[in-house]
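Hello,

Here is the structure I promised to pass on to you. Please have a look at it first, and then read on for what turned up in it.

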Amino acid sequence: MPKLTLVMERTPLATYELDRPIIRIGRGEGMEVVIDNVSVSREQAEIRHDGRRWHVRDLGSANGTFLNGERLTESRPLRPGDEISFGKFSLFFERALEPPAGPAAITPARGRANAPGTYLLSAEEIERIQRAITTRRQPQLQWEIAGLRGTHYITGDEVRVGRAGECELRLPAGPARAVVVSRGADGFEVRRAGGWLPWPRMRVNGRRAGRLALRTGDRIELGDLRLVFLDEV
């Protein structure tokens, strides 16, 4: 049975089975998927099966519904992996995502929404939110060293991490060349930069490693350097 996964930014919140031919999404009473947030209209969008395939359309919502980043102006067919988005929320159609690791920021429920009206966003605000969320869902390295921290978004096939000038992720402290995170046909991996140096040793999730495939959430340590790898959502 086809499924929808509700996501806020990088966090999966709930999974819904498409167990009926019409699934309505919104903040109002009677929706099959209720999202109690003022940026979502009482009647936001509808997913409908025409006997052959699933389609999505906007229901005249205040802030619009987007399919893979493009605003919906008419009914559009859905393909596995498609992203239906509105504000900070997205519904992924037939795409496997990791289950929530902790309490959800909101709890979608079948019930009555409390907010009296929809919070209207300007076109510029909608574009900014869409752009920001797309960026946050990219593969990334969250780093921490010497009391400083930040996030580096991975846009190429390789990220060299260190203090040296040629590093894509240039650190304010620590070794000149620490680790290299690279993307291959089977996903991402990390390796110690500069070959098999004995010190400091690299650890991934607390275990020594010289080279290792990465999964989202993996923790990489090298001396005082701390990295967390998050794969693309």
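Arginine 24 touches Gly30, Met31, Glu32, Val33, Ala45 and Glu46, leaving out residues up to four places away in sequence. You will find arginine 24 in strand β3, and with a relative accessibility of 30% it counts as partly exposed. Valine 56 is 32 residues from arginine 24 in sequence, and their C-alpha atoms are 9.7 Å apart in space. Please keep in mind that this is a predicted model.

Now for the chain as a whole. It has 233 residues, and 42% of them are buried. Its secondary structure comes to 1 helix and 22 strands. If you take the contacts between residues at least 6 apart in sequence, 42% of them join residues at least 24 apart. The accessible surface comes to about 13000 Å², and carbon and sulfur atoms account for 46% of that.

As a general point, nonpolar side chains in soluble globular proteins tend to be buried together. Here, the largest nonpolar core has 23 residues, and the ones that touch the most other members are Ile25, Ile35, Ile47, Leu78, Ile84, Phe86 and Phe89. Several strands give two or more residues to this core, including β1 (3–8), β2 (11–17), β3 (22–26) and β5 (45–49). A second, separate core holds 22 residues, among them Leu141, Phe188, Val204 and Leu214.

Setting aside neighbours within four places in sequence, isoleucine 25 is in contact with Met31, Val33, Ile35, Glu43, Gln44, Ala45, Ile47, Phe86 and Leu91.

What about aromatic rings? The structure holds 1 aromatic pair. Phenylalanine 188 and phenylalanine 229 form it, with 5.2 Å between the ring centres and 55° between the planes, which is a tilted arrangement. Phenylalanine 188 belongs to strand β17 (residues 187–192) and phenylalanine 229 to strand β22 (residues 225–230), so the pair ties together parts that are 41 residues apart in sequence. Both phenylalanine 188 and phenylalanine 229 are buried. Another ring to look at is that of phenylalanine 92: arginine 95 lies over its face, at 4.7 Å from the ring centre.

Is serine 41 buried or exposed? Its place is in the loop between β4 (33–34) and β5, and serine 41 is buried, because its relative accessible area is 6% and the cut-off for buried is under 20%. A polar atom of the serine 41 side chain lies 2.9 Å from the backbone nitrogen of alanine 62. Not counting residues up to four places away in sequence, serine 41 touches Gly26, Arg27, Ser61, Ala62 and Thr118.

Finally, two asparagines with backbone angles to check. Most residues other than glycine have a negative phi. Asparagine 68, however, has a positive phi near 50°. This residue, asparagine 68, sits in the loop between β7 (66–67) and β8 (70–71) and is partly exposed, with a relative accessible area of 42%. Asparagine 205 has a positive phi as well, of about 55°. Asparagine 205 lies in the loop between β18 (202–204) and β19 (207–208), and at 33% relative accessibility it counts as partly exposed.

Key:
Residues numbered from 1 in each chain as written. Predicted model: local features only at pLDDT ≥ 70, side-chain atom pairs only at ≥ 80, totals over all residues. Heavy atoms only, no water. Phe/Tyr/Trp six-rings, centres within 6.5 Å; stacked < 30°, edge-to-face > 60°. Helix = DSSP H or I, 4+ residues; strand = E, 2+ residues; numbered from the N terminus. Buried < 20%, exposed > 50% of the residue type's maximum accessible area, 1.4 Å probe, protein only. Lys NZ or Arg CZ within 6 Å of the ring centre and 35° of its normal. Contact = heavy atoms within 4.5 Å. Areas by Shrake-Rupley, 256 points an atom, 1.4 Å probe, with all protein chains shown as cover. Core = buried A, V, L, I, M, F, W, Y, C linked by side-chain atoms within 4.5 Å. Polar contact = N/O pair within 3.5 Å; in protein donor to acceptor, adjacent residues only side chain to side chain.
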